[in-house]
Amino acid sequence: MDDQTSALSFAALDARIEAMPDGPASILKTPRIYYSLNIAGSVAIVFGLLPFLLVQFMTPQGWMVRMAQVAVWTAGLLYAPGMLRGLWVMAREFWHWRIKLVEPSDHDLAQLRALRTWLQTFPRAELEEHRDFARFAHERLGSKLALLIGGIERAGILPVLVAAFFLLREIDGLGVASLADVPLWQGVLAPFLVITWGIGVIAVRMRLTHALYAMVLTDALESHEANTSDSV
């Protein structure tokens, strides 16, 4: 069935948005390989911090030390490609900031027009219903997120860096004896920070998606109202 004759759905809207070419701003999008490496690095950090938690309930063992050491080096190697690419991209974007501002703006405006034209083929009632639901979902998820982790999703990668600092601070003289001296609060807090940060990242991406849906639907509705007023 053709998109123009079928009912509007979030699945169809999302597929339409995903099919839009990235254009000049694609350089800012983290390639899947780097994204996967970053996730693996975060997992490595969690495993590296687990010994600090385990020693609170178990007798310190040599394998815990080796586990933490291997995890630190593994996380560093996994994060390094993405960090180096990020530095290169940021330097390039700042150096040519005017061009990098204009080109993506022209591209995005053209894509928004095409998306608006497609959305206007659906009844106004469907557009309003989907817009209202997207707004509700955005606000509802924000309330749940605030209840669970407050505003930590706005801290970016900071929780991971803090947790990594806890681990790296001990790594120089890390041994069975020093591992046994890890405070309980540090052993519990460090892994929790990384896990909470991961929850926050996923949740904020969901909120941004709902916000995008609401924005494009609102744009289509406002454009429809403007066209109706002009024709009267």
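How far should the 23 residues of helix 2 span, and how far apart are its end C-alpha atoms?

**View 1. Helix 2 from end to end.** Helix 2 covers residues 32-54, and at 1.5 Å a residue it should span 33 Å. The expected span is 1.5 Å times one less than the number of residues. Its end C-alpha atoms are 33 Å apart, which agrees. Buried residues in helix 2 include G41, S42, A44, I45 and V46, and G48, L49, P51 and F52 are buried too. Here, buried means under 20% relative accessible area, exposed means over 50%, and partly exposed is in between, using a 1.4 Å probe and protein chains only.

A word on what you're looking at: this is a predicted model, in which local features need pLDDT of at least 70 and side-chain atom pairs count only at pLDDT 80 or more, while totals for chains, interfaces and linings use all residues. Residues are numbered from 1 along each chain as its sequence is written, and side-chain values use heavy atoms, with hydrogens and water left out.

**View 2. The whole chain, for orientation.** Helices (H or I, at least four residues) and strands (E, at least two) are DSSP runs, numbered from the N terminus. Of the chain's 232 residues, 33% count as buried. Take the contacts between residues at least 6 apart in sequence: 88% of them join residues at least 24 apart. Contact means heavy atoms within 4.5 Å. The accessible surface comes to about 14300 Å², and 65% of that belongs to carbon and sulfur atoms. Such areas come from the Shrake-Rupley method with a 1.4 Å probe; for residues, only the protein chains shown count as cover.

**View 3. Helix 2 against helix 3.** Helix 3 takes in residues 62-95, and it packs with helix 2 at an angle of about 155°, the axes being 8 Å apart. The axes are lines fitted to C-alpha atoms, for helices over the stretch in contact, and angles run from 0 to 180 degrees between N-to-C directions. Helix 2 and helix 3 are therefore roughly antiparallel to each other. That label goes to angles over 145 degrees, with under 35 counting as roughly parallel, 65 to 115 as roughly perpendicular and the rest as oblique. Now find A68, which sits in helix 3. A68 is buried, with a relative accessible area of 0%.

**View 4. D22 in a loop.** D22 lies in the loop between helix 1 (10-19) and helix 2. It counts as partly exposed, at 39% relative accessibility. P104 is 82 residues away along the chain, yet the C-alpha atoms of D22 and P104 are separated by 8.8 Å.

View 5. R131 belongs to helix 5 (residues 124-149) and is buried, with a relative accessible area of 17%. Setting aside neighbours within four places in sequence, R131 is in contact with A214, L217, T218 and L221. D219 is in helix 8 (residues 184-231) and is buried as well, at 18%. Not counting residues up to four places away, D219 touches L112 and R116. D219 and L119 are 100 residues apart in sequence, but 9.5 Å apart in space, C-alpha to C-alpha.
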